[in-house]
Amino acid sequence: MKKITSPTLGSKSGPKSTRKRGRQFDTRFLVRELGSETWPDFARIVEKHNGVWGGCWCVAFHLNRSEEKEWTGKHRALKEKLVRADRSHAALVYDGTDIVGWCQFGSPAELPARLGGFNRLGEALPDWRITCFFVDRDHRKEGVAKAALQGALRIIAAKGGGTVDGYPIDTRGKPYSSSFLWGGSQSMFTELGFRPLGALGTSKWVMRKVVRKAR
């Protein structure tokens, strides 16, 4: 499985190495793709956080309304089933041997939920969706989410690229706890080249970026 190193900003602790390309980058974090090989590491961090978001196991965007009741209480089993069938994707951020966060991505067919607001914008569906982030409570405000998003974009490029949508929150002038920024921040997406398509309510946005196929 291909490993993707991802530069990090604002890390506070842990072993570090640097290299120069006009500026220094912290290469503390390693990004790997979610899959059968990395599933045990993923399961470990989710279990540490009691299933994440009240037992979601990061399956909410996989389930249409009609499927939610069927899988109530069985999210772990569903997630493992999807991962082992190569139908659930994420960029996993490692600090040493432990996952400290991730960014979920996938096609609209793979992640069909919560498209109602998007559909009202009148835009064509993207090739890929960046649906949610999670960061270990012991590693927040260390640049994990940004490393995950960078990693997801590199993996998407390796898979052929295309249009990529995210659903970040505009945090400017608003008190948001980092534990509730599951969609990421608008400033982070802007920094990595995403442009707004339209608003979903008062603070949530749809942002898009075209990712070229990796050479």
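Reader: Friendly start with the rings: how many aromatic pairs does the structure hold, and what makes two rings pair?

Author: The structure holds 8 aromatic pairs. Take Trp-39 and Phe-42 as an example: their ring centres are 5.7 Å apart and their planes meet at 40°, so this pair is tilted. The rule is that rings of Phe, Tyr and Trp (its six-membered ring) pair if their centres lie within 6.5 Å, with planes under 30 degrees apart counted as stacked, over 60 as edge-to-face and the rest as tilted. Please keep in mind that this is a predicted model, in which local features need pLDDT of at least 70 and side-chain atom pairs count only at pLDDT 80 or more, while totals for chains, interfaces and linings use all residues. Residues are numbered from 1 along each chain as its sequence is written, and side-chain values use heavy atoms, with hydrogens and water left out.

Reader: How do you know that Trp-39 and Phe-42 are separated by about one helical turn, and are they buried or exposed?

Author: The two are 3 residues apart in helix H1 (residues 39-48), which means about one helical turn between them. Helices (H or I, at least four residues) and strands (E, at least two) are DSSP runs, numbered from the N terminus. Both Trp-39 and Phe-42 are buried, a word that means under 20% relative accessible area, with exposed meaning over 50% and partly exposed in between (1.4 Å probe, protein chains only). Ring pairs also join Trp-39 and Phe-42 with Trp-57, Trp-102 and Phe-134 in a cluster.

Reader: Which charge lies over the face of Phe-134, and what makes it count?

Author: That is Arg-140, at 5.7 Å from the ring centre. A charge sits over a ring if NZ of Lys or CZ of Arg is within 6 Å of the ring centre and within 35 degrees of the ring normal. Lys-204 has such a place over the face of Trp-182, at 4.2 Å from the ring centre.

Reader: What makes Arg-44 and Asp-41 a salt bridge?

Author: Their side chains meet at 3.3 Å, N to O. A salt bridge is a side-chain nitrogen of Lys or Arg within 4 Å of a carboxyl oxygen of Asp or Glu, and by this rule the count comes to 14. Arg-44 and Asp-41 are 3 residues apart in helix H1, about one helical turn. Arg-44 has 41% relative accessibility and is therefore partly exposed, whereas Asp-41, at 17%, is buried.

Reader: Which residue forms a salt bridge with Arg-84?

Author: Glu-80 does, with the closest N and O atoms 2.9 Å apart. Both lie in helix H3, 4 residues apart. A network of salt bridges links Arg-84 and Glu-80 with Glu-47 and Arg-76.

Reader: Why does Lys-79 have no salt bridge?

Author: The nearest side chain of opposite charge, that of Glu-110, is 7.6 Å away. Here Lys and Arg count as positive and Asp and Glu as negative, while His and the chain ends are not counted. Lys-79 is found in helix H3 (residues 75-84) and is buried. Among the residues it touches, beyond those up to four places away in sequence, are Trp-39, Phe-42 and Trp-57; contact means heavy atoms within 4.5 Å.

Reader: What makes Lys-146 buried, and which side chain meets it in a salt bridge?

Author: Lys-146 has a relative accessible area of 13%, so it is buried. Its partner is Glu-191, at 2.4 Å, N to O. Glu-191 lies in helix H6 and Lys-146 in helix H5, so the pair ties together parts that are 45 residues apart in sequence. Glu-191 has 52% relative accessibility and therefore counts as exposed.

Reader: Why is Leu-192 counted as buried?

Author: Its relative accessibility is 15%, so it counts as buried. Leu-192 is in the loop between helix H6 (186-191) and strand S9 (195-200). Leu-192 and Lys-146 are 46 residues apart in sequence, but 8.8 Å apart in space, C-alpha to C-alpha.
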